[in-house]
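Visitor: Could you show me this structure and walk me through how its parts hold on to each other?

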Amino acid sequence: MIWIVDEVETKPGMGAAFLDAYMTHYAPGNEARGLKLVHRMVEPAMWLDDAPNRLLLVWQADHAGAVWTAKHRARGDAAVARWWNEQAPPFILSRRRGTYAPAEALEALADV
Amino acid sequence: MYNRLLIPTFAPGHRDAAMATIAEAGAAIGAEALLFAPTLPGVYNGGDAIWRASFAHRAACDAALRSAAWAPAAELLADPAVTTHLDAVGYATGKVGGLVDGGGLYRVALFRAAIDPTPERLAAFGAQTAAMPRAIRSIRRWQLATADEASGLHGWTHVWEQEYADRAGLEGAYMMHPAHWAHVERWFDPEYTEFLVHPLLVHSFCAIDRPVIAA
């Protein structure tokens, strides 16, 4: 199992609005590219109206080939660029993306 | 060493004659090492052939490519009726490593690392890319160099070369190792904040019967 995680710090009071926009403008396309949204975590565990929220949006891929497939499909999709470059920034203070795997799977993943 | 790499695409009907002319001219310019081979099916912006010559230094390279011996090749490479596209880079020896051992497959990628290319980001990109061969066993020989002359689809900034025992080493282990898709790929993926390398790149490869990347 492989997880692609978007870690987003929203502007104060914009956490819920960001998640709504993410689910509307970005998530359906990522599902269509073969990834599954398995967690939508919010910290702290309440929407803040005067401070940033931090969200972890966790996408799951079954194997490395599925990661490549999703990447290649995203690069040809103008909606992806529009989301990250135009639609998301008004909600966001900072973000980062990471690709994770279970610690116990690392040896097998590297044995290629 | 100073290297000159040419990746031409020829007009239909001109390929064989052009290849013969370039082969003859290349053999006569005194390169210390020379590769000239047709590309294999599956390249991306990879041209019809890879021509790679190494010289002791840039002045020797420039002199060779201005010589009368090279003139017939230079003429057809500059003729759009014969050569419909040409990517070209010149680069001194960069970060290099691995075994000089046997033939197999030579692969080269040309990158343009031009999206917010701060020195810190370029250094991190270079370090992570050059570390890939430590993790990916199928990379037998490699070099990561910065281009100081470049033309074609872009003003290329980086030349990433590898040698493999066979094509499976490139399309299997290199592509499927997490050092690639989970780590270095961050510099190529527009969805990562580290995004650095323009998506339009050259990915080309050819068969080799002896090592190509010199020290």
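**Bridges and domains**

Guide: Let's begin in chain A, where Asp6(A) and Arg97(A) join their side chains in a salt bridge, 2.8 Å from N to O. A salt bridge here is a side-chain nitrogen of Lys or Arg within 4 Å of a carboxyl oxygen of Asp or Glu. Keep in mind that this is a predicted model, where local features need pLDDT of at least 70, side-chain atom pairs count only at pLDDT 80 or more, and totals for chains, interfaces and linings use all residues. Residues are numbered from 1 along each chain as written, chains are lettered from A and ligands numbered from 1 in the order written, and side-chain values use heavy atoms, without hydrogens and water.

Visitor: How many residues apart are Asp6(A) and Arg97(A)?

Guide: Asp6(A) sits in strand β1 (residues 2-10) of chain A, and Arg97(A) in strand β4 (residues 92-100) of chain A. Strands are DSSP runs of E, at least two residues, and helices are runs of H or I, at least four, numbered from the N terminus. The pair links distant parts of the chain, at a separation of 91 residues.

Visitor: How many salt bridges does the structure hold over all chains?

Guide: Another one is in chain B, where Glu149(B) pairs with Arg58(B), with the closest N and O atoms 3.5 Å apart. Between domain 1 and domain 2 of chain B the count is 4. Over all chains, the structure holds 18.

Visitor: How far apart are the centres of domain 1 and domain 2 of chain B?

Guide: An automatic or database domain assignment sets the bounds. For chain B, it gives domain 1 as 2-91 and domain 2 as 93-208. Taken over C-alpha atoms, their centres are separated by 22 Å.

Visitor: What area is buried between domain 1 and domain 2 of chain B?

Guide: Contact means heavy atoms within 4.5 Å, and 27 residues of domain 1 of chain B are in contact with 28 of domain 2 of chain B. Buried area is the accessible area (1.4 Å probe) that two parts lose on being put together, summed over both. Carbon and sulfur atoms give 56% of it here, and the total is about 2,100 Å².

Visitor: Which three residues supply more than any other three of the area that domain 1 of chain B buries against domain 2 of chain B?

Guide: We're looking at domain 1's share of this buried area in chain B.
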